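Here is a short report on one protein chain. It begins with a single site and then widens to the whole fold.

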Amino acid sequence: PFVALAPAALDTLCVVCEDSVENRDSFPTIAMAVLTKLLEASMADADAVRRCCTTVAVLTTRTEEHKATFLKKEVGGLKQLLAAIKTHGSDPSVVIAACRALRSVCSFDDLRRDFSGAYDAS
């Protein structure tokens with residue numbers, strides 16, 4: 001159910017947020033749960049998974065609230081990233097995007113915080 005507008009929406013979100021902490025901050029943190037559900041629902045489609053993982057990587061870079069929301073056990077973001085690698089392990093573009101997302105959610109790079117909230121979220 002990777003709807004027709006989802007690829008364009010994810011690509012646009014990545015372009016708008018890639019180099020702007022302010023734009024990433026304006027993205028609602030609860031929407032990270034929606035992105036996780038989209039990733040889960042689209043697991044059979046390698047291109048959809050790659051786009052979702054890339055979007056996760058962009059939105060969680062230097063934004064601790066997004067990392068923490070994505071990694072919450074009830075959201076299941078980490079589980080979905082690992083499932084993406086397991087399901088599409090033979091597709092280099094998916095593996096690279098999923099690893100980039102894993103690195104982003106596990107890195108303490110938001111220097112506006114004293115400690116990463118992502119460690120407490122999982």
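## A loop histidine

H88 sits in the loop between α6 (77-87) and α7 (92-106). Helices here are DSSP runs of H or I with at least four residues, strands are runs of E with at least two, and both are numbered from the N terminus. The model is predicted: local features need pLDDT of at least 70, side-chain atom pairs count only at pLDDT 80 or more, and totals for chains, interfaces and linings use all residues. Residues are numbered from 1 along each chain as its sequence is written, and side-chain values use heavy atoms, with hydrogens and water left out.

Is H88 buried or exposed? H88 is buried, at a relative accessible area of 9%. Buried means under 20% relative accessible area, exposed over 50%, and partly exposed in between (1.4 Å probe, protein chains only). Beyond its neighbours within four places in sequence, H88 contacts M43, A44, D45, A46, V49, V94 and V95. Contact means heavy atoms within 4.5 Å.

## An aspartate in α2

D25 belongs to helix α2 (residues 21-26). D25 is partly exposed, with a relative accessible area of 35%. R62 is 37 residues away from D25 along the chain, and their C-alpha atoms are 9.4 Å apart.

## The whole chain

The chain has eight helices and zero strands. Of its 122 residues, 46% are buried. Among contacts with a separation of 6 or more, 74% join residues 24 or more positions apart.

The accessible surface is about 6,500 Å² (Shrake-Rupley method, 1.4 Å probe; for residues, only the protein chains shown count as cover). Carbon and sulfur atoms hold 61% of that surface.
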